[in-house]
Amino acid sequence: MIEPVNVALGLAALSAVLSVIATYLAVSDRDLLRALIFSALQSTAYAIIFLVLMAPDIVLVYVPVAVGIYPAVVLALIKRVGRFEGGEGGE
Amino acid sequence: MVIDPYLIGRFVGAAIVLVGAFYDLTGSIGMLRFPNFFTRLHAATVGAIGGSVLPMLGVSIYAASEPALGEYRWFMAGASAIAALIILIVAPAGTHVLARAAYRSGTAPKEPCTYDAGEEGDER
Amino acid sequence: MASRYLIAASIALVVVSLSFAVAYGALGTAVPLENIRSLARAYVTLAYAPWNRTLTAMSPEAVTSIVWDFRGVDTFFETTVLFGAIIGTVTLFRGIKPSARIGEGLSIIARSAAAVTAPMILAVAAAIALHGHLTPGGGFQGGATAAVVALVILVTFSLGYLVSGLSKERALMLRSAGLLGIAAVALIPLILGGVVFQNQAKELSQFSYPAYIGGALTSGSLLFYNLFESLAVAAGLTLTIMLLLSPHEVVEEAVRGEEHERV
């Protein structure tokens with residue numbers, strides 16, 4: 001039988017690995033909209049880690065900022081500077 | 001023979017969670033197999049309503065009929081029920097917004113199309 | 001395309017193996033110092049200690065009591081940094097006046113869903129902010145959650161709908177009122193014979209905010225700090241969103257008009 005605490009810590013470990021992958025994809029993607037979504041995914045993974053590590057105060061900051069305000073502000077930026085990195089059409 | 005009502009509640013809750021897992025499986029298969037954006041959106045909504053509202057209601061019933069959890073079981077049951085209610089309101093609205101935006105901007109291809117109600121200039 | 005996912009998977013593998021190595025003692029297994037634990041223990045036990053009224057913060061929430069009582073000046077500086085950033089945004093966008101013309105917004109379905117959920121989010125934000133001294137949460141968290149309500153209204157209704165309810169000047173005024181409230185709560189003990197950022201009575205200065213109001217635990221100054229901080233953060237973030245998401249033509253017109261005047 002798996003201990004419940006190990007299930008929770010395993011969830012945190014999975015979230016950590018997910019956040020690493022999402023960070024790499026966000027950095028390397030030339031489509032800024034997709035990069036933004038990967039970045040928000042990374043923040044959500046961090047929120048799960050903080051929840052498992054029993055820091056609910058940080059989670060309560062992360063949820064509105066990662067899901068609401070940060071994508072909105074960066075979307076406004078992307079709307080001004082264009083969707084693709086490095087000139088017309090990307091690639 | 002005396003049947004424990006708590007036991008029935010737990011069985012009902014677990015059964016609802018299982019039905020939700022079935023919906024989740026169906027939704028993910030549809031997500032992979034459906035041909036275009038709008039049908040995949042349908043699959044995503046099946047996953048959201050059947051796969052997360054239903055299990056949350058099941059969890060609510062299960063938690064309410066588990067006396068070992070003490071007084072806190074009402075807290076868990078109420079929180080799950082309210083979360084289910086909010087998802088029930090918000091998820092279809094979000095899907096509707098996505099579908100409407102994709103339809104009106106013409107970004108998503110409408111390729112395998114049998115009937116298009118919005119084609120006759122219906123601005124909705 | 002496939003190579004990117006391969007690189008991502010290998011980075012994840014490197015991170016996992018590094019964490020395994022560290023967890024199994026690559027850097028040694030000793031916990032650094034004994035005294036770190038005792039500092040944390042002191043904070044946690046002193047957060048709510050009615051039997052030790054000269055050292056406690058009278059709040060069962062250890063984080064909030066550290067944030068606004070034990071380490072109040074740090075938090076004041078953080079708040080100052082955030083509001084410096086917001087003041088920078090407002091200064092950059094100074095010529096812009098978001099018009100109060102109410103636009104069409106999204107469809108009736110989306111607007112109804114937003115009208116149902118926005119009061120719910122606002123209630124949660126108020127609960128997070130005003131219960132910040134009892135349960136996890138606090139002023140910043142509640143304020144950020146309340147700013148999400150403004151974002152939802154802006155997206156589903158329109159910018160004009162938000163501006164007609166909460167104009168730029170009124171948001172600035174609310175933000176300034178929140179900051180003034182924080183400063184007042186911090187400075188009132190100094191005027192009445194205590195020290196800055198004092199919450200409960202200490203041995204050398206007898207000033208004390210009331211720990212209970214009408215029998216309810218309010219933890220002295222923490223309730224007021226959370227209230228004013230949530231007000232300031234909500235208004236400041238709403239102002240930022242309002243300015244950053246204002247239409248391109250309005251921004252360009254404001255920028256060009258200013259250059260014209262200078263030439």
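Q: In this predicted model, which residues is I241(C) in contact with, leaving aside its neighbours within four places in sequence?
A: Let's start with one residue and look at its partners. Two of them belong to chain A, namely I69(A) and A72(A).

Q: Which element gives the most residues to the largest nonpolar core?
A: This core has 52 residues, and I69(A), A147(C), L151(C) and I241(C) touch the most other members. Chain A contributes through α3 (56–81), while chain C contributes through α3 (62–70), α5 (108–130), α6, α7 (159–165), α8 (168–191) and α9, each giving two or more residues. The one that gives the most, with 16 residues, is α9(C).

Q: Which pair of chains shares the most contacts?
A: There are 2 pairs of chains in contact. Chain A and chain B do not touch, as their nearest C-alpha atoms are 14 Å apart. Chain C does touch chain B, with 8 residues of chain C in contact with 7 residues of chain B. The pair that shares the most contacts is chains A and C.

Q: How many nonpolar residues are on the side of chain C that touches chain A?
A: The contact takes 23 residues from chain C and 17 residues from chain A. On the chain C side, α1 (2–23), α6 (139–156) and α9 (221–244) each supply at least two residues. By class, this side has 4 polar residues and 1 charged residue, and its nonpolar residues number 18.

Q: How many charged residues are on the side of chain C that touches chain B?
A: Here chain C brings 8 residues to the contact. Sorted by class, they are 6 nonpolar and 2 polar, and the number of charged ones is none.

Q: Why is α6(C) described as largely enclosed by the rest of the structure?
A: First, check its length: at 1.5 Å a residue, its 18 residues should span 26 Å, and its end C-alpha atoms are 26 Å apart, which agrees. Next, look at burial. The helix is largely enclosed because its buried residues number 17 of the 18.

Q: Is T107(B) buried or exposed?
A: You can find T107(B) in the segment after α3 of chain B. With 9 C-beta neighbours inside 10 Å, T107(B) is exposed.

Q: Which element of chain A has the highest mean pLDDT?
A: Chain A as a whole has a mean pLDDT of 87, and 95% of its residues reach 70 or more. Among its elements, α3(A) has the lowest mean, 88. The highest, 91, belongs to helix α2 (residues 32–52).

How values were computed
Residues numbered from 1 in each chain as written. Chains lettered and ligands numbered in written order. Predicted model: local features only at pLDDT ≥ 70, side-chain atom pairs only at ≥ 80, totals over all residues. Helix = DSSP H or I, 4+ residues; strand = E, 2+ residues; numbered from the N terminus. Nonpolar A, V, L, I, M, F, W, Y, C, P; charged D, E, K, R; others polar. Core = buried A, V, L, I, M, F, W, Y, C linked by C-beta atoms within 7 Å. Buried ≥ 20, exposed ≤ 12 C-beta atoms within 10 Å, placed from the backbone. Expected span 1.5 Å × (residues − 1). pLDDT = per-residue confidence, 0-100.
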